[in-house]
Every structure is written in C-alpha cells, then in structure tokens.
Amino acid sequence: MPEFKNIKQDLEKEFLLKNLNEEQKQAVIHEGTPLLILAGAGSGKTRVITTKIAWLISLKGIRPENILAVTFTNKAAREMAARAASLNPAASGAVIKTFHSFGAKFLRRYASAAGISPNFSIYDDDDSAALLRQAEPGLSAPQVPSVMRKIERAKNYCLEYDSPDLALMEPDPDFVSVYRRYTERLRNSGNVDFGDLIHLPIKILRENPGIRDEIHRRFSVVLVDEYQDSNAAQFELLKELVGPETYLCVVGDDDQSIYSFRGAEVSNILSFTESFPGAEIIRLEKNYRSTPEILRVASEIVSNNGGRLGKTLYTECAPGKKPVLAFLTTQEVEAEFCAQLIKQAFDKGHPYRDWAVLYRTNAQSMSFETEFLKMKIPYTVVGSLKFYEREEVKLSISMLSFILNRRDEVSFFKILKKTVAGVGATTCAKIQAEFENLNSREDSSGAADVSSPDYLDAAGNVIPKLKKAGQNLSSFVSAVKECVSVLDEASAETETAKDESSAASSGRSLSVFVSMVLEKSGLYSFYRSQAEGSGSSRALNLEMLSNAAALYPFSLQGLLDFLEHIRLDREMAVDKSEEDAGVSDRVTLITLHNTKGLEFKRVVITGLEEGLFPREDKTGDDLEEERRLMYVGCTRAMKRLYFTCCSARWMYGSFRPSLPSRFLYEIPPDGVKVLGSPPPSFAAFYGNAAAEEPGRGSAGTFPGAAPVSELARRWKKGVTVFHDDYGYGIITEAFFSGGKPAEQEYVILVRFESGGEKKFMPEYQGHSLLIVKD
DNA sequence: GACAGTGAAATTTTT
DNA sequence: TTTCACTGTC
C-alpha cells in the first residue's frame with residue numbers, strides 16, 4: 001500500500017511544518033552537510049530542534065536510537081525530550097542528554113579502555129579542590145582555587161599533564177607536576193572529576209578505532225543545542241563523535257555566550273564553517289517574543305560588540321511601550337521602585353508571575369527580598385542555596401560515595417574530620433601514610449582496582465596505634481563495613497530476583513538503605529544533637545535526601561545511579577515540595593546568568609552601574625561578555641522592560657557613589673523613557689532627551705561630572721578617526737571612566753584597521769587623533 | 001585537637 | 001560588613 005504510506009507521510013509533513021516560518025522549515029528539512037542554525041533570542045530554537053528530531057524519525061526513516069542530541073543543562077535536555085516526544089512519541093527512544101551525562105554513560109560502558117573502574121563516582125568542584133589540597137599540601141588556601149581553575153582550564157582545552165601544548169596555556173613549569181600529582185591521585189581514588197567526563201571519552205575514542213567505529217555506526221545524527229556554550233574539549237568530543245557519515249547540526253547564538261568564565265569558547269560557533277568544511281548556516285532572525293521597542297534596545301546594545309556572526313532580529317509583535325530607565329538613589333529605593341511597579345501592575349490585573357527582577361550578583365537579591373516581604377509581594381529566588389550544596393547533605397552524599405568506593409579519599413577524610421570525634425589532621429595524615437604504604441607494597445601495576453587496599457584497611461592498621469580516637473574510628477570502620485555488606489547482599493538478591501522474574505523486585509527502595517547509612521554513620525544523631533534551630537532543619541534535610549532515593553532500587557546499581565543523578569543534576573526533588581507548599585503566582589528574583597532560556601512578560605534589570613554591571617575589572621573580551629549578558633537580560637522581556645540605576649550603593653560595608661553603566665550609554669536616547677534624575681554626565685551624553693517626570697525616589701542626585709556634552713557629541717561611537725601613529729580606525733566604544741565621580745574622564749575605544757584597539761581620552765589627545773567622518 | 005583571634009577578600013556558575 | 005582560613009594558645 002505505497003499510496004497509503006505516502007498520504008500518511010504527507011499528513012505527517014504537514015503536521016510538523018505547519019507552524020514554522022520559512023527559515024525554520026529550511027532548518028528542519030536540511031540534510032547532508034553539517035549545519036549551523038544561528039538562532040536569535042526568542043526565534044523558536046527549541047521548536048526547530050525538536051521538530052527536526054521528529055522529522056528525522058517520521059520522514060527520514062532514522063531510528064530514534066541513532067539520534068544523539070546533547071545540551072548543557074538537564075533542564076534543557078528534559079524539555080527537549082518532552083517536546084520532541086509530544087511531536088512524535090517515537091522520539092523518546094532518542095538519546096537526549098547533557099554533554100556530561102552522555103560522557104558518564106559512555107565512560108561506564110567503556111571504562112576499561114580508560115583504565116578505570118566502571119563503578120566510579122563523580123567528584124564535584126569542591127571535592128576536586130579537596131583532592132588537590134590533599135595531593136599538594138604545600139599549596140596555601142588562596143592558591144588552591146587558582147590552581148584548580150588552571151587544571152579545569154587544561155581539561156577544558158583537552159590538555160593532559162604530559163601534553164606538549166600545556167606550556168602554551170600555563171608557562172609555570174611547576175604546574176605540570178602539580179597537575180600530574182592531582183591526576184595520579186584522582187586515578188588512584190577510582191573517581192573522576194567533571195572534566196574527565198568529557199576528557200576521558202575523547203581519549204578512549206582517539207585511542208580505540210574499534211570503539212570509534214562502533215559509535216559512528218550507532219549515531220547517524222548528532223545535534224547540539226546552545227552550541228555557543230561549548231568548550232574546547234566538548235568541541236573535540238564532538239569531532240570524535242562525528243564520523244564521515246554522521247549528520248551534524250548545531251544550534252546556538254553567539255550573542256548569548258555568557259559562560260566563557262566556565263570555559264565556553266565563542267570561537268567554536270564563530271568558526272564552525274571552518275571546522276566542518278562545507279557546513280551551511282541558517283539564520284533564525286524572526287523573534288516571536290519581544291516588542292520592537294525592546295528588541296531595538298537589545299540589538300543596539302549588543303551591536304557594540306566586535307567579533308559577531310551578526311544577525312538582524314525583527315519581530316512582528318505589536319508595538320508596545322518604550323523601555324523605561326529609572327535613575328534612583330540607593331538599592332532600598334531601587335527595591336521600592338520595583339515593588340511599586342509590580343504592585344501597580346498587579347492592581348491592573350497583571351499577575352506576579354509576569355515579573356522577573358534581574359541582577360548581576362546573588363548578593364543583590366537581599367534588598368528585594370526585604371522589600372517584597374514588607375509589601376507582601378510573593379517571590380521566589382532562583383538558584384540560591386541549593387539543597388545538594390548544604391553541608392549536611394554533602395556530607396551524607398560523601399558517606400554514600402565512600403560506601404560505594406572505599407578508595408575515595410576525599411569523601412573518607414571529609415566524613416572523618418567532621419563526624420568522628422577525636423580525629424583530626426594528625427590522624428588523617430597517619431591513615432594516608434598507611435594507605436600509601438599498603439599500596440606501594442602491592443607493587444600495583446598502575447590502576448587501582450577493587451581488590452587494592454582501601455581506606456578501611458589503612459584505618460584498621462592505624463587504630464591500634466591511637467589512643468582515645470581509636471575507639472571512635474573503630475566503630476566508624478565497622479559501621480561502614482556493615483553498610484557495605486548490607487548493600488552487597490541486597491544487590492545479590494536483586495540480581496537473582498531479576499533472573500527469576502523482572503517484576504519481582506524485593507519492594508525495598510534505596511531510601512531504606514540511605515536511612516540506614518545515615519543512622520549507622522552517626523550523621524542523624526550528629527545533626528539531631530546540634531542546636532535546636534538549624535539542627536532540626538538539618539535533620540529534616542537528611543530525611544529529604546533519603547526520600548529522594550525512593551525512586552531507586554536497593555542495590556549497588558541503584559546507589560550508583562542515585563549518586564550520579566545527584567552529581568550531574570543538582571536541581572530536582574526539593575523544588576517540587578517547595579512549589580507545592582507555596583503560591584504559584586510569584587515574582588521571580590534571578591541572576592542574569594540564570595535567565596538564559598527563560599522569558600517573562602515584564603523584566604526589570606537592576607543595578608546598572610559601572611563597577612557592578614559591568615563589573616569593574618572587565619575589559620576586552622570579558623567586557624563583551626558582560627554586554628552579551630545585558631543582551632540576554634533584555635531579550636527575556638516580552639512586553640515591558642525596565643532598567644534601574646542607583647547613584648550610590650552599599651557594598652562590602654561601605655556606601656559608595658556609583659555612575660551609570662556604560663551599557664546605558666549604548667541605548668539610543670529616543671529608545672527609552674527616562675525617569676528620575678540622571679547624573680549630569682548622562683544627561684549631557686543624551687543631549688537632554690532625558691528626564692521627564694521626576695517620579696518617586698528621585699530625590700537622589702548624581703555626584704560630580706562636569707558637562708562634557710560637546711566632547712561626547714563629537715567623539716561618539718561609529719565615528720571614523722585617523723591617528724598619526726596607528727592610521728585609520730573606528731570608535732567602537734565611548735564612555736566615562738569609572739573611579740571617583742569627580743575624576744571621571746571621557747574615554748573612547750578605537751579599533752584600527754591595522755587590527756589593534758586602543759583607548760584615548762579625546763580631551764587631551766585631540767591633536768594626534770582626528771575625526772575623519774561622523 | 002579544639003577554640004578564639006586576626007587578616008584578606010568579596011562575581012557570574014549549565015556539569 | 002561578613003566570611004573564611006590561618007595562626008597561635010590551651
């Protein structure tokens with residue numbers, strides 16, 4: 001019945017493509033060459049990628065399990081999976097994962113190729129830092145994070161301690177040996193760090209053509225979302241995953257790259273067509289989210305960045321109101337201002353959930369919380385104090401990790417120091433020495449395996465030499481041993497149960513085990529005995545942790561999965577109960593970084609002051625990243641956008657005057673409505689298009705700043721200049737320098753044709769710098 | 001090994 | 001201002 005099949009396909013085609021615009025359709029049906037979809041903010045990126053998955057399955061005959069889609073966050077992965085499945089239920093068979101969870105899965109499967117045990121658990125950043133401290137006792141506390149960052153960076157660049165190129169990244173010769181000892185110690189612990197989840201799979205794929213071919217046969221389609229956030233190592237992994245027959249499609253927006261401090265390489269997206277020859281680019285420039293007024297401001301600001309692939313967003317959304325820029329006095333007034341806005345809108349029928357208040361640093365959330373509490377405005381703070389970052393929870397997780405892997409030194413010492421009375425640095429050092437002693441006697445042929453002596457063995461040998469600590473340590477060791485054997489037994493039972501009939505699960509969930517561990521290890525009683533107030537909430541958190549384990553079976557594999565889930569997806573579980581407990585109509589308080597991928601009808605971007613946003617130490621590429629952050633913030637807004645700027649701010653215990661963010665100077669004067677009293681310099685720059693009704697809280701005045709309107713008018717962005725020494729150039733930025741208000745200078749940044757960039761103060765350097773063309 | 005006192009530092013953070 | 005890590009004492 002070929003005809004019937006055709007009709008069915010046509011219907012399916014119609015169904016999938018009906019709601020897409022021309023570019024989106026092109027992106028969905030594209031095949032053959034590698035494809036970069038440059039998706040502007042709000043351009044329907046997720047719709048395209050999920051439709052593409054459905055399309056490949058139902059119209060291209062690709063089997064779901066041959067499709068690999070990677071994202072950066074679990075949230076994005078879940079959303080993608082859900083939306084793809086709603087378009088085509090078969091899509092649930094596709095592999096949709098984060099880079100790291102894909103790496104973890106790959107690594108468990110091919111562990112032996114990397115010489116590690118498949119039962120590894122994953123060290124988070126804190127654990128890795130603790131390991132580094134243990135491996136390098138010589139490092140002082142402030143050095144640890146900086147060295148850790150270097151190691152992380154090396155891994156992000158796919159460099160091992162013996163890579164010849166490592167010196168290019170870090171010239172310090174001592175770093176190589178530090179990195180080497182860290183790596184050895186990590187391998188010895190039997191665990192991996194976050195970087196390894198990307199790094200080791202690359203290594204395996206490069207060194208094992210057989211595995212590489214297997215993977216190439218397995219995945220005929222590879223899709224990457226938020227490609228602008230990929231780092232060098234993820235790029236290398238991608239290159240290994242993509243075989244000659246693989247169809248590769250990446251989606252991203254260079255203007256929304258805001259994680260370079262985490263290793264993201266904008267260059268991955270900027271040079272995609274060079275990395276994958278023959279690649280095509282499809283731009284999605286139609287914005288479905290924001291009003292033209294909002295889009296205009298956002299585009300103007302981001303256009304001040306160099307090195308963009310360039311997009312021109314347009315929208316068919318109905319015109320709305322101009323964004324509002326409010327000049328206020330202090331953060332308290334700023335919070336009041338936001339509360340007023342929100343209250344007034346609420347009275348007109350706009351619910352609280354329409355609003356998001358954005359800020360650069362978490363610390364800024366406080367004044368909003370205080371004010372909103374006072375005004376009875378319900379709110380939710382996104383991304384503060386996460387459940388899995390609480391001390392008692394981390395400690396419990398360490399305990400569970402240690403039961404799984406008794407060579408896990410970080411977890412072991414962390415628990416000992418915290419919970420076993422009488423054990424401190426001295427005892428730990430003794431155990432570590434004994435551990436090394438035992439392992440050197442083993443004339444181990446490199447990699448640690450299950451039979452190698454572990455920390456329980458080492459502790460056991462040390463106990464007789466201890467005085468009062470020995471008693472406690474001894475009961476700790478036997479408690480762990482008991483937990484281990486209980487888990488082993490349960491696993492064996494589960495195994496046999498599985499053989500006989502898969503349905504006959506013993507009925508016990510991992511919760512039972514977690515509770516038992518917390519009880520036996522003394523963690524429960526430890527936290528129950530603590531001061532009433534926080535002690536009881538901590539004990540409660542431990543119960544929540546064991547509840548979270550309910551979804552996993554009582555077995556070794558179950559514990560492994562539970563821990564991996566916690567390590568790679570720190571959201572989950574807790575959010576639900578919190579949501580149930582409260583109202584659902586709330587204002588969102590959130591950092592700019594956390595807003596990526598979200599949208600709100602009404603957005604306030606707060607703290608637009610030099611030094612805070614952008615932060616003071618930002619120049620060059622970092623400054624451009626701050627500007628992209630501003631762009632991300634602006635493009636979250638659908639209907640209304642507000643900016644606030646304070647003339648003074650309390651920071652680090654002192655009250656300091658502040659100047660408007662340079663980003664505010666990048667907004668076209670007729671693009672916003674100004675409220676309050678801007679500082680003289682700003683008014684000058686804006687040619688007094690500013691300052692309508694003074695509004696509430698406008699009592700504040702900005703200090704200092706002689707009028708420099710003449711200067712600012714002449715030396716503005718976009719003007720072509722000629723310099724005696726550097727030749728022709730164009731003004732790419734114009735702003736007032738930071739520092740004390742009275743000392744501020746008008747500064748321009750010029751990009752020369754010769755390639756260089758240089759700052760000038762036209763006030764003093766007019767003689768060697770000429771304006772060629774306005 | 002526990003505790004109190006001092007001094008430097010203070011982002012953003014998918015995993 | 002607050003926080004955390006280090007230092008010296010008991």
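**Note on salt bridges, cysteines and a surface patch**

1. The predicted model contains 44 salt bridges, a salt bridge being a side-chain nitrogen of Lys or Arg within 4 Å of a carboxyl oxygen of Asp or Glu. As the model is predicted, local features need pLDDT of at least 70 and side-chain atom pairs count only at pLDDT 80 or more, while totals for chains, interfaces and linings use all residues. Residues are numbered from 1 along each chain as its sequence is written, and side-chain values use heavy atoms, with hydrogens and water left out.

2. D127 and R567 form one of these bridges, with an N to O distance of 3.1 Å. The two residues are 440 positions apart, D127 in helix α6 (residues 125–135) and R567 in helix α26 (residues 556–568); helices are DSSP runs of H or I with at least four residues, strands are E runs of at least two, and both are numbered from the N terminus. D127 is buried at 2% relative accessible area, and R567 is buried at 9%. Here buried means under 20% relative accessible area, exposed over 50%, and partly exposed in between (1.4 Å probe, protein chains only).

3. In the bridge between E599 and R289, the closest N and O atoms are 2.7 Å apart. Because E599 sits in the loop between β14 (587–591) and β15 (600–605), and R289 in the loop between β9 (286–287) and α15 (292–302), this pair ties together parts 310 residues apart in sequence. E599 is partly exposed at 41%, whereas R289 is buried at 12%.

4. A further bridge joins R649 and E609 (2.7 Å, N to O), and both residues are buried. Salt bridges with shared partners also connect K45, D225, E226, D229 and K596 into one network.

5. The count of disulfides is zero, where a disulfide is a pair of cysteine sulfur atoms within 2.5 Å. For C338, the nearest cysteine sulfur belongs to C646, 9.0 Å away; C338 is buried at 0% relative accessibility. The sulfur of C483 is 19 Å from the closest cysteine sulfur, in C428, and therefore too far for a bond. C483 is buried too, at 1%.

6. K430, K465, K467 and K468 form a positive surface patch. Patches are made of residues with over 30% relative accessible area and no salt bridge, like charges being joined within 9 Å and nonpolar side chains (Val, Leu, Ile, Met, Phe, Trp, Tyr) within 5 Å. K467 lies in the loop between α21 (455–462) and α22 (468–500) and is exposed at 80% relative accessibility.

Notes:
Chains lettered and ligands numbered in written order. Areas by Shrake-Rupley, 256 points an atom, 1.4 Å probe, with all protein chains shown as cover. Lys, Arg positive; Asp, Glu negative; His and termini not counted. Charge placed at Lys NZ, Arg CZ, Asp CG, Glu CD.
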